[in-house]
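Open the model in your viewer and keep the selection panel at hand. This tour moves from one selection to the next and says what is there.

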Amino acid sequence: MNMADLSSEFLGIRSPNPFWLASAPPTDKAYNVNRAFEAGWGGAVWKTLGEDPPIVNVSGPRYGAIHSNERRVIGFNNIELITDRPLKVNLDEIRTIKKDWPDRALLVSVMLPMNEAVWKKYVPMIEDTGADGIELNFGCPHGMSERGMGAAVGQVPDYIRMATEWCRKFAKKPVIVKLTPNVTNVLPPAKAAWEGGADAVSLINTINSIMRVNYETLTMYPTTDGMGSHGGYCGPAVKPIALHMVAEIARNRETAMIPISGIGGITDWRDAVDFLALGASNVQVCTAAMVYGFRIIDDLTAGLSDFLDRKNMRSVSELVGKAVQSVTDWQYLNLNYVEKAVINQDLCIQCGRCHIVCEDASHQAITSTVNGERHFEVIDAECVGCNLCVSVCPVDNCITMEQMTNGVDPRTGRAVSSKKADWTTHPNNPMRKGS
Amino acid sequence: MPAGKSNRPDIRARRLPDNEIEDNFGDMHPPLSRSEALIEADRCYFCYDAPCTTACPTGIDIPGFIQKIRSDNIKGSARTILQENIMGGMCARVCPTEVLCEEACVRNAHEEKPVRIGLLQRYATDPVYKEDIRLFHRGPESGKKVAVVGAGPAGLSCAHRLSVLGHSVVVFDRNSKPGGLNEYGIAAYKTVHDFAQREAQWILDIGGIELRNDSVLGEDVTLASLIDDFDAVFLGIGLGDVNRLGIDNEDIEGVIDAVDYIAKLRQARDKGSLPVARRIVVIGGGMTAIDIAVQSKRLGAEIVDIVYRRGPGQMGASGYEQGFAQTSGVTIRHWARPVRILGEKFVTGVEFERTMLDDNGKLIGTGEKSTIEADVVFRAVGQLLGSDLPESAAASLKMHNGKLSVSGDRKTSIDGVWAGGDCVAGGDDLTVTAVQDGKVAAHSIDRYLRGE
């Protein structure tokens, strides 16, 4: 029996596993962080510190959720601000925790105004606690951004570079820049952070969002005294957005060298594999801990360890970036490659979902009856291999996509070619490279 | 075990404390809470051309109504149900879903556990009656008058749809309350409180329907006069007579028609006041047999045996219902037929003969006899169209297997007369089928009245 080594080293910061708690309510106080470390979390990024006097939070709802009918939290948002406790209280607790848990990674998130003197004052105070590093919160999309901090900095690469330089100037320990997803392209902010001297980036922070309307009052929901404000969206629903941004940084030549701490909707070990394989060196978790408690770390660590064993990988680092090379631009996809959906009739439960979506929304390539009997079967001559039926089928693995390796595609009438050909050379492409 | 002292049958009221009886006759399947309903609704795959809808005799768009439960659109959900089945509330309680929609549910293939469609249907429809929500409105007056005989599921369904289509309806019923078997025939724990009445009232409240209670066909009103006085007639008269066992000594005291006792039970305000025997034998294999057996047990009968002449697979009651009787403490004995009621003045037992199928698949007696002691014997061997239909009318109506013969449109052999429900041949004696008959007939009558 082999057991993969989950221990992690990120920017020289060691932790027993690659799972850190993200800077958020679960890392607001010594009490919570202590409980997290008892549960087995590898590290924590302390809830964002700011200047005294501390900010104040609303005394109404801070959170909203999108639920499944079974009340599983699919998406989550918040309007909580940075820490609302005095700086000294936080610094004292950070010092104690680091002393009590020397083997865990303990970083501190900070958010400071665009003024070098302020950074000069606070960065050494924070490092004096013994914390392993600093994470710059340039991502918080609500409240703080109205005061010229958080996402207001993170959306302007020049500001990111400037603030990072100030922090770097006064910090001895690693500096991570946390990026906001509320930008059209994540590469310029990542590049600016690197140029400013950041040792790594972490992403994503939360996404601007309004959860819904209250159907009785016809106000937004939730509200504080009848009024609401947009909050930061997170949870399982945002993971695909985060994965895209992580992969973009990991595969782009100008940013590929930047170490990444992956954040965004990680709930179970497979989510962690997604981030690691797409280029993150470790991951941070918040929403899942807020929704289920710290005990989810058991599945995260055991699941990842078993997965690494199954893949004959001895350490997490062997997994990092494994899938990055499979991410490319659309124009390089092989247009000669042909797949057809195949329905396993033994597994089919006859719900007909594949038929109706193909009929209404795709290419009319699935039967509903054959010889007068209810029967769902792919019509190869119509199937474009779009994966819609696979996506809607309620039975795992009942519909699979199978590659055509030879013969003639009955849809196009063209012989299946093993030769790769993409859009860059396609005759329909007016910008094609000369052949 | 020797018979009781002085050979008097042991029949008495209040075998159980009142609170126990009250519990025993509570809702068989309590309604789903909102949380339960949402979780259950989430299990529906929203199938295309859904097998459950195909299996529903009234063709309710089941995935459609469940989808509306998911989105908290309960009124819309109820409308989806009731527009196909105006007795969707009662059917949610009494339909043998295990052999209809829920048997067809694709979840059976996936995890051997269907979506609980019946309970979801109840969840969607309960507020309609509770809050008296109007979902349907009377259509523009056509000036035509239709007579409906029988205020049971078939008759009320027909009357309601006719009203929606703009026709005026007079409903004649022999009983003092509408509902037919919903009111007088269904086991009490399947439809508690006065639900059958509330539902009937909600249906009648659409307007354009006049209900004449205590009107017996052949006595207070004749088919001939209805044909003369109305533009069309619908017969939803049910089955008025019960089959006899046809064995020796059948007429002594203590041999009772199950349907009569079930009706008494449904109408009793104080169920504990009904006399119940200690030892009961029920002869039959259908739903009536199950209902009388289980209800007797719940009133405090000690020993209840259902005896059926064939095997479990041939019983009219579904496997689910059989299991329900057995877990209620009823013993079901197969392959035995009654040959003689024992007792002189009162029933003391029944003599049975063992049965089997011969090489040709015909049921034969083996000659082997046995006796089951009993204080009461319930006859539950089917009902038939009897004195409800006066002979003069019966003579001119084409019959099939002792029931009225109807076309696909539920037309009888007399022009201008339609029929549906238990009284017509080819049905399965279910509430839901009767509702469908009434609905189909109403549309046929409408086409007829409009000269289409």
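**Start at a serine in chain B**

Select Ser318(B) and Glu98(B): their side chains make a polar contact of 2.6 Å (N or O atoms within 3.5 Å; within protein, one able to donate a hydrogen and the other to accept it, with residues adjacent in sequence counting only if both atoms are side-chain atoms). This is a predicted model: local features need pLDDT of at least 70, side-chain atom pairs count only at pLDDT 80 or more, and totals for chains, interfaces and linings use all residues. Residues are numbered from 1 along each chain as its sequence is written, chains are lettered from A and ligands numbered from 1 in the order in which they are written, and side-chain values use heavy atoms, without hydrogens and water.

Helices (H or I, at least four residues) and strands (E, at least two) are DSSP runs, numbered from the N terminus. Is Ser318(B) buried or exposed? It is buried, with a relative accessible area of 11%. Buried means under 20% relative accessible area, exposed over 50%, and partly exposed in between (1.4 Å probe, protein chains only). Leaving aside neighbours within four places in sequence, Ser318(B) is in contact with Glu98(B) and Val99(B); contact means heavy atoms within 4.5 Å.

Strand E12(B) (336–342) pairs with strand E13(B) (349–357) in the antiparallel sense, over 6 bridges. Two strands pair if DSSP finds at least two bridges between them. Pick Pro338(B): its bridge partner in E13(B) is Phe352(B). The hairpin has 6 residues between its strands, and there Gly343(B) takes a positive phi near 120°.

Move on along the chain. E13(B) also runs antiparallel to strand E14(B) (363–373), joined by 8 bridges. Thr355(B) stands opposite Gly365(B) in E14(B). Between E13(B) and E14(B) lie 5 residues, and in this hairpin Gly361(B) has a positive phi near 80°.

**Chain B: a strand covered on both faces**

Select residues 376–379 of chain B, strand E15(B). In a regular strand the side chains alternate between the two faces of the sheet. Here Val376(B) and Phe378(B) lie on one side, Val377(B) and Arg379(B) on the other, and all are buried.

Strand E7(B) (255–257) runs parallel to E15(B), joined by 3 bridges. In that pair, Asp257(B) has Arg379(B) as its bridge partner. Strand E9(B) (279–283) also pairs with E15(B) in the parallel sense, over 4 bridges. There the bridge partner of Val281(B) is Val377(B).

**Chain A: the overall view**

Switch to chain A and zoom out. Its secondary structure comes to 13 helices and 22 strands. The radius of gyration is 25 Å, close to the 22 Å that the globule rule gives for 435 residues, so chain A is as compact as a globular protein of that length. The radius is taken over C-alpha atoms, and the rule is 2.2 Å times the number of residues to the power 0.38. The C-alpha trace spans about 75 × 60 × 55 Å along its principal axes. Buried residues make up 50% of the 435.

Which strands close into a barrel in chain A? Color E3-E4-E7-E8-E9-E10-E15-E16, in that order: these 8 strands close up with parallel pairing. The twist averages 25° from one strand to the next. Trp20(A) stands opposite Gly43(A) in E4(A).

Next, select the open sheet of 4 strands, E5-E6-E14-E11 of chain A, with antiparallel pairing. Strands E5(A) (63–67) and E11(A) (207–209) stand at the edges with a single partner strand each, so one side of each is left without a neighbour in the sheet. E11(A) and E14(A) (231–234) pair over 3 bridges, with Ile207(A) opposite Tyr233(A).

**Last stop: Ala4(A)**

Select Ala4(A), in the segment before strand E1 (8–10) of chain A. Ala4(A) counts as buried, at 10% relative accessibility. Not counting residues up to four places away in sequence, Ala4(A) touches Ser305(A), Leu308(A), Asp309(A), Met313(A) and Arg314(A). Finally, show Ala302(A): its C-alpha atom is separated from that of Ala4(A) by 10.0 Å, with the two residues 298 apart along the chain.

How values were computed: Axes fitted to C-alpha atoms, helices over the stretch in contact; angles between N-to-C directions.
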